[in-house]
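Here is a short tour for someone meeting this structure for the first time. Have a look at the sequence and the model, then read on.

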Protein chains: 2
Amino acid sequence: MDEFMQLAIDEAKKGRSEGGIPIGSVLVKDGKVVATGHNKRVQENNPILHGEMDCLNNAGRIGSYRNTVIYSTLMPCYMCAGTIVQFKIPKVIVGESKTFSGAREFMESHGVEVVDLNLPECIEMMEDFIKEKPELWNEDIMELE
Amino acid sequence: MDEFMQLAIDEAKKGRSEGGIPIGSVLVKDGKVVATGHNKRVQENNPILHGEMDCLNNAGRIGSYRNTVIYSTLMPCYMCAGTIVQFKIPKVIVGESKTFSGAREFMESHGVEVVDLNLPECIEMMEDFIKEKPELWNEDIMELE
């Protein structure tokens, strides 16, 4: 297992243990961890704090993202993908995209390299969560009436 | 002047008076103000709190965005545009797009209605700011080396 993806999975598990949505993220710059984060919709009553956004929030103002890679346990949605494009983060490594296909093509069309590790551990974590709390998951991806 | 755009301009001015970037936003649901916000990159050392994101953050978890309109004094960037698409906000009303062209086509390609009021007051506010603090503006739109 990639050590940075393992950190992202640890963040996702932390989120789950807090009663939240199990998605974690890690920002790496020049080969070193800058920040970690996880989805905090439930914990902070905040719809914009997806895992990737919380991670970028925690990183603060770091200047250029040219030499960064962002890890996420799940394929980014349009909010997070738009942020990756706007911040010019060149590479995204995700745990899986089976439970949520996200905005891969949009990122790739803007020159972002996207690597999908398709990890059984990440798929199982999301499948268990979605089965247990379908309403919360639908709210997080805005699949609402 | 549209009363909601006036509120967004007031938010932008508040941000400027705090030493921040003068971009304000208002979320309206069923014709009523749900939340206001402004860019807080400087104030909270936070790269994800553009005006629109701060506004959605302040609104909290409101369920469906189907009957909402988001106002911004400036055309949304890819982060904010991606969020608008993900949250399924159907309509965006902006003060101007002369100083920053943003991601209008991306939003429209996803069915979002975009109205550009092209207001001299908003253009002047951004032109003055960009002239005074070009490095800060370049950081906010990630035009960095």
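## A serine tucked away

Let's start with Ser25(B), which has a relative accessible area of 0%. The cut-off for buried is under 20%, so Ser25(B) counts as buried. Keep in mind that this is a predicted model. Ser25(B) sits in strand β1 of chain B, a stretch that covers residues 24-29.

What does the side chain of Ser25(B) reach? It gets to the backbone oxygen of Tyr71(B), at 2.8 Å. Tyr71(B) also turns up among the residues that Ser25(B) touches, leaving aside those up to four places away in sequence. Others on that list include Ala8(B), Glu11(B), Gly37(B), Cys55(B) and Ser72(B).

## Charged pairs in chain A

Now for some charged partners. Side chains of opposite charge can pair when their charged atoms come close. In chain A, Arg16(A) forms a salt bridge with Glu132(A), and their closest N and O atoms are 2.2 Å apart. This pair joins distant parts of the chain: Arg16(A) belongs to helix α1 (residues 3-17) and Glu132(A) to helix α5 (residues 120-132), with the two 116 residues apart. Is Arg16(A) buried or partly exposed? Its relative accessibility is 26%, so Arg16(A) counts as partly exposed.

Asp54(A) and Lys40(A) make another salt bridge, at 3.1 Å from N to O. Here too, distant parts of the chain are linked: Asp54(A) is in helix α2 (residues 51-59), while Lys40(A) is in the loop between β2 (32-38) and α2, 14 residues apart. Both Asp54(A) and Lys40(A) are buried.

## A strand-to-strand pair in chain B

Over in chain B, the side chains of Lys91(B) and Glu113(B) meet in a salt bridge, 3.9 Å from N to O. Lys91(B) comes from strand β4 (residues 91-94) and Glu113(B) from strand β5 (residues 113-116), so this pair links distant parts of the chain, 22 residues apart.

How open are these two partners? Lys91(B) has a relative accessible area of 26%, so Lys91(B) is partly exposed. Glu113(B), at 42% relative accessibility, counts as partly exposed as well.

Technical notes. Residues numbered from 1 in each chain as written. Chains lettered and ligands numbered in written order. Predicted model: local features only at pLDDT ≥ 70, side-chain atom pairs only at ≥ 80, totals over all residues. Heavy atoms only, no water. Salt bridge = Lys/Arg side-chain N within 4 Å of Asp/Glu carboxyl O. Helix = DSSP H or I, 4+ residues; strand = E, 2+ residues; numbered from the N terminus. Buried < 20%, exposed > 50% of the residue type's maximum accessible area, 1.4 Å probe, protein only. Polar contact = N/O pair within 3.5 Å; in protein donor to acceptor, adjacent residues only side chain to side chain. Contact = heavy atoms within 4.5 Å.
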